[in-house]
Amino acid sequence: RNLKETRLAYVAGLIDADGSLYISKSTNDLGYVSYDPTVMIRTTHLKTAKWLVSTFGGTFNKTDWDNPNWKRYYRWKFTSDKHASRFLDKILSYLWLKKEQAFILKEYFEMNGVQNKEKRESLYQRISKLNQNLSVTTNTSNLSLKRNLHQAYLAGMFDGEGSSYIIRVKQSKASGGQGFYYRACVSLGCTFEPVIVDLFNTYGGFTRKRPPHNGILPMYEWDVKDNKRKERFLLSILPYLITKRKQSQIVLD
């Protein structure tokens, strides 16, 4: 099935933001070691999960947290290595952060079930090491060569890691104000600094480095305070958004 390049660039951005490309390893009671390659996306947005299934195949299931304040999430993945491999073929050239992991998974899939314990272990070790340090990559993005692909990729990244909302702020008595004022907010935070630098270079705004949110990797945040810049950014990615499309339309209004 032929897909628009922009949709492939979008889902690559979503993989880089909310996706997981890894190989898990387990040992049974008899000492037999098995490996399981996985291509997966987690999302709290049901429409996104359904879109992934209808567009690329695979299945999704829902998970409820023990904490009632946390959103239910949906986990989309493939049940067939063959289908997962075909999916990676389609999006490889658009990936940025997790491109090396995709190449390793492709190498694993191309073994076609051959029992080579040493190679499986080697691939497992390589991809695990990469996933432990997602703030560093030797990959470069070629999306800037085509404006629409660049915007579609950033839409996928924004659907995964971005925020588009309106806050209501009470005016301070010191300033003599009464009542409330409203401010539209557009930001994106991730552990991959080059994406934040790219957003700053393309759309302006502000960037900052924050302490690790998970105790391991620092967070980098891009924020826009000028309304014209917010509008320019949202209009450029709106045609490709799925998860945060309605929120972004409200912010634009």
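Okay, quick ground rules. The model is predicted, so local features need pLDDT of at least 70 and side-chain atom pairs count only at pLDDT 80 or more, while totals for chains, interfaces and linings use all residues. Residues are numbered from 1 along each chain as its sequence is written, and side-chain values use heavy atoms, with hydrogens and water left out.

Let's start with the cysteines. A disulfide is a covalent bond between the sulfur atoms of two cysteines. The rule used here asks for a pair of cysteine sulfur atoms within 2.5 Å. How many disulfides does that give? The count is zero. Take Cys 185: the nearest cysteine sulfur belongs to Cys 190, and that is 18 Å away. Looking from Cys 190, the nearest cysteine sulfur is that of Cys 185. And are they buried or exposed? For that we use relative accessible area, with a 1.4 Å probe and protein chains only: buried is under 20%, exposed is over 50%, and partly exposed is in between. Cys 185 counts as buried because its relative accessibility is 12%, and Cys 190 is buried too, at 5%.

Now the salt bridges. Side chains of opposite charge can pair when their charged atoms come close. Here, a salt bridge means a side-chain nitrogen of Lys or Arg within 4 Å of a carboxyl oxygen of Asp or Glu. The structure has ten of them. One is Glu 121 with Lys 25, where the closest N and O atoms are 3.0 Å apart. That pair links distant parts of the chain, with Glu 121 in helix H5 and Lys 25 in strand S1 (residues 19-27), 96 residues apart. By the way, helices (H or I, at least four residues) and strands (E, at least two) are DSSP runs, numbered from the N terminus. Lys 25 is partly exposed, at 37%.

Next, look at helices H4 and H5. Lys 119 in H5 and Glu 107 in H4 are twelve residues apart, and they form a salt bridge with the closest N and O atoms 3.8 Å apart. Lys 119 is partly exposed at 31%, and so is Glu 107 at 27%. There's also a network: salt bridges that share partners join Asp 89, Lys 106 and Glu 110. Within it, Glu 110 and Lys 106 have their closest N and O atoms 3.9 Å apart. Glu 110 is exposed at 53%, whereas Lys 106 is buried at 10%.

Asn 112 sits in it, between H4 (99-109) and H5 (117-131). Most residues other than glycine have a negative phi. Asn 112, though, has a positive phi, near 55 degrees. Asn 112 is exposed, at 68%.

Last stop: Thr 243. Where is it? Thr 243 lies in the loop between helix H8 (227-237) and H9. Thr 243 counts as buried because its relative accessibility is 12%. Its side chain makes a polar contact with the side chain of Thr 48, at 2.6 Å. A polar contact is a pair of N or O atoms within 3.5 Å; within protein, one must be able to donate a hydrogen and the other to accept it, and residues adjacent in sequence count only if both atoms are side-chain atoms. Leaving aside neighbours within four places in sequence, Thr 243 is in contact (heavy atoms within 4.5 Å) with Tyr 10, His 45, Thr 48 and Asp 159.

And over in H9 (residues 245-252) we find Ile 250, exposed at 52%.
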